[in-house]
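Try each one yourself before reading the solution.

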Amino acid sequence: MRVVLLVLMAIIAVSYAATNFVDNRSGHIVINPIESQNSKLFLKGSAFNKASIKNINDVQVSNIITHVMGLLPLNNEEVSGLPAASIFNKPKLNLFFSVESVSSDDLVNSKIFNSESMISIEKTFTPQDLISELTTIVTGVTPNVHGIVSSNWINPSTGHKVHAYEKSTQSSAANIAYLANTSFNGKSMIISSSADKKSATATGVHTGVSSLYKDADIYTYSVRPSGAILPVQGSNGNNKLSLNNNQVETIIYSKEFQQFVLPAGWKATFSRGIFTIVDEKGNVNKIDFDQHETGSFLTELVSVFNIVKTIKSDEHFKALAADSIPDFISFDFASISRVRESQGANSNAFKFALALVEQTIQSTITQLSGVYGDRVACEIVALAPKHAFTEEQIEKLESIVGEHTHDITETLPHIYVLPQNSEKVDDICQQIQSTIPSELTAQCFIHTLPVSFLDDPTSSPTDSPTSSPTATPTPLPNSSDSSEDPTIATENTNRIAAFQIFLFFPIVFTLFVGGGILYIMKISFNAQSDTLLYRSSQRQY
């Protein structure tokens, strides 16, 4: 029985390792570039002084963090070159930074992102966008396990658009924050902050898990369109680190904030919503606080500053930092990717923004090291920009797919064929594979249709014969709804069935072993009773 169980586990492991496809989430066709950039990892702090790592897989990054924190690993991936972890001098704080859409070329003149300490992160699953890759890094498993294939995706069976990290689309795998939280019975301080809700949720404690420790110090914050910094919906709802729009503006005016985010020799003024920065060479850049794209970037920096200042000055947070329980704090700089996309990597706006992010990271490390007595381990991940398809490539693909797919400009590298055209997937894929540019590759996949679609082949994902499935968002399930999305229901049923089948073997094995032990105990008891009777003087021979 044990052999059968091991064989089953091996088959499951091999199938996970071999696939680049997630049923009912990945596109019918996935376009990948032949060459792509790798994200970079930088390790800071005395805990990593003796580390000698040059390359690492994305699923191994989490094991570096759990190693220095003294936690169990999230997977079985071994990482060579790690320093010996000290039992008596473990870091009191693990500080995790992620900076989105930053390439190696952007870091040439960087002080904090220096090439000597740069570790290349090799992708084990493609394609992954920024949210998907960030989730892989903090969970230690690939998208076919955690389920986050992209920031958004199309349900191939229904044609509905789905957003990652909504109520029904959370990661299916535990992350580092969850592990730290549960390992110390909810007593570890966990903070996650980002301009983007999805990024903050990816690195923070799962919203469903945080409710288990209602009094725990779990803080997951994101920047809202209003400019306020508020807890992510569904988290513990701790408001101790919240800021409204007026409070954010007040902080931007302060000299303390400007010293926190500006490199040495730089100056700044804030007037009428314009944050004007002058570098040491006299170059000027202006950031419009009232414009959402640039305003969210400033607000993201304010959130980091406010959290660090609160930990330094507030008695409650000072007590948490002084106790014996390790803490985990993560900051994701998501808004800089919007600056890069809109202004370009060579623009002054992006270069100034990256310089402010670097200085903010350095100030955070320095000031929190003072609070935690230099017992801080720090990891910085520079997430590589997603591949940008050229207009020529997009036009070529559009000429092939025609009107049979969802708008590929919104879904690439995934291509989703409309449900009513599902029988044409093979033809479309063959045409793409035969005509695709040499710098790209195409993979084709077949999705499992839910039962409701198999029962009625004429069923349509929308009641209106003229409406397009792309126009209708996927409704989120809630407690007041009596019905459930058929795809979600089917997925849940399949998972339950698979779990029951998989669980059957260890249960039978346990019962078999337990029954054998009881039987042996019975024989032993009978033998003991017979021996006692033999020794009794009342026994007749």
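**Exercise 1.** Does serine 117 count as buried, exposed or partly exposed?

*Solution.* Keep in mind that this is a predicted model. Start by finding the residue: serine 117 sits in the loop between strand E4 (93–100) and strand E5 (119–122). Next, take the cut-offs: buried means under 20% relative accessible area, and exposed means over 50%. Serine 117 has 23% relative accessibility, so the residue counts as partly exposed.

Now look at its surroundings. Leaving out residues up to four places away in sequence, serine 117 touches Leu41, Phe42 and Lys44. Lysine 54 is 63 residues from serine 117 in sequence, yet their C-alpha atoms are 8.2 Å apart in space.

**Exercise 2.** Work out how helix H10 (residues 292–313) and helix H11 (residues 315–322) are oriented to each other.

*Solution.* Grab the geometry first: the two helices pack at an angle of about 80 degrees, and their axes are 5 Å apart. Angles of 65 to 115 degrees count as roughly perpendicular, and H10 and H11 are therefore roughly perpendicular to each other. Then see who makes the contact: Thr310, Ile311, Lys312 and Ser313 from H10, with Glu315, Phe317 and Lys318 from H11. Sorted by type, the residues of this contact are two nonpolar, two polar and three charged.

**Exercise 3.** Check the span of helix H13 (residues 348–371) against what its residues should give.

*Solution.* H13 has 24 residues, and at 1.5 Å a residue they should span 34 Å. The end C-alpha atoms of H13 are 35 Å apart, which agrees. Just past H13, have a look at glycine 373, which takes a positive phi of about 65 degrees.

Key. Residues are numbered from 1 along each chain as its sequence is written. This is a predicted model: local features need pLDDT of at least 70, side-chain atom pairs count only at pLDDT 80 or more; totals for chains, interfaces and linings use all residues. Side-chain values use heavy atoms; hydrogens and water are left out. Axes are lines fitted to C-alpha atoms, for helices over the stretch in contact, and angles run from 0 to 180 degrees between N-to-C directions. Helices (H or I, at least four residues) and strands (E, at least two) are DSSP runs, numbered from the N terminus. Angles under 35 degrees count as roughly parallel, over 145 as roughly antiparallel, 65 to 115 as roughly perpendicular and the rest as oblique. Contact means heavy atoms within 4.5 Å. Ala, Val, Leu, Ile, Met, Phe, Trp, Tyr, Cys and Pro count as nonpolar, Asp, Glu, Lys and Arg as charged, and the others, Gly among them, as polar. The expected span of a helix is 1.5 Å times one less than its number of residues. Buried means under 20% relative accessible area, exposed over 50%, partly exposed in between (1.4 Å probe, protein chains only).
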